[in-house]
Amino acid sequence: MKKIPTVTHQEKQVAVIKGKPHFYEPPELQAARSLITDSLGRFAPKEPFPGKVRLLVKYCYLATGKHKKGEYKRTKPDLDNNMKLLQDCMTQLGFWKDDMYIVSLIAEKFWADLPGIYIKIEEVS
């Protein structure tokens, strides 16, 4: 994934139709969800992880002239919002039955020469 989506789960929208709120995903969020799902689909397990898991995620954004490789990225998007979208996509793909099985989460975002999202899943007891 050469360009990590910067749109996040928090960008859902609401419209009031006949006096009732209806939540929807704008096209940018739908595209980000599709990109993540398409990229991770080939790695989805045949069976979901059966129990508790530790999820380790490193978001590596392409370093520009202002940023050094390995430097933490302290600009948007917010890491927690990135993680919600990623975890929702991984749940949809069947990595686990529900993201409540993620009992340990380690997530970081960096500037890097090689962009992408690096993921490791470990079963924990």
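The cut-off for buried is under 20% relative accessible area. Keep in mind that the model on your screen is predicted.

**Stop 1: around N82.** Which helix holds N82? N82 sits in helix α2, residues 79-92. Now show the side chain of Y61 as well. A polar contact of 2.9 Å links the Y61 side chain to that of N82. Next, display the other residues that N82 touches. Leaving out residues up to four places away in sequence, N82 touches P5, T8, Y59, Y61 and P77.

**Stop 2: the whole of α2.** Select residues 79-92, which form helix α2. Helix α2 has 14 residues. From first C-alpha to last, α2 reaches 20 Å, close to the 20 Å expected at 1.5 Å a residue. Which residues of α2 are buried? They are N81, N82, M83, L85, L86, Q87, D88, C89 and M90. Colour them, then look at what lies over them. The cover includes helix α1 (27-40). It also includes the strands β3 (53-62), β4 (102-112) and β5 (116-123). Then move on to G94, which follows α2. The phi of G94 is positive, near 90°.

**Stop 3: Q30 in α1.** Jump to Q30, in helix α1. Is Q30 buried or partly exposed? Its relative accessible area is 43%, so Q30 counts as partly exposed. V7 and Q30 are 23 residues apart along the chain. Their C-alpha atoms are separated by 9.5 Å.

Stop 4: Zoom out and switch to a cartoon view. The protein chain has 2 helices and 5 strands. Trace them from the N terminus: the order is β-β-α-β-α-β-β. The C-alpha trace spans about 50 × 40 × 25 Å along its principal axes. Of the 125 residues in the chain, 34% are buried. Consider contacts in the chain with a separation of 6 or more: 81% of them join residues 24 or more positions apart.

**Stop 5: the surface.** The accessible surface of the chain comes to about 8300 Å². Carbon and sulfur atoms account for 55% of that area. Finish by colouring the charges. How many positive and negative side chains are there? The chain has 21 positive and 15 negative ones. The centres of the two sets lie 3 Å apart.

How values were computed
Residues are numbered from 1 along each chain as its sequence is written. This is a predicted model: local features need pLDDT of at least 70, side-chain atom pairs count only at pLDDT 80 or more; totals for chains, interfaces and linings use all residues. Side-chain values use heavy atoms; hydrogens and water are left out. Helices (H or I, at least four residues) and strands (E, at least two) are DSSP runs, numbered from the N terminus. Buried means under 20% relative accessible area, exposed over 50%, partly exposed in between (1.4 Å probe, protein chains only). Contact means heavy atoms within 4.5 Å. Accessible areas come from the Shrake-Rupley method with a 1.4 Å probe; for residues, only the protein chains shown count as cover. Lys and Arg count as positive and Asp and Glu as negative; His and the chain ends are not counted. The place of a charge is taken as NZ of Lys, CZ of Arg, CG of Asp or CD of Glu. A polar contact is a pair of N or O atoms within 3.5 Å; within protein, one must be able to donate a hydrogen and the other to accept it, and residues adjacent in sequence count only if both atoms are side-chain atoms. The expected span of a helix is 1.5 Å times one less than its number of residues.
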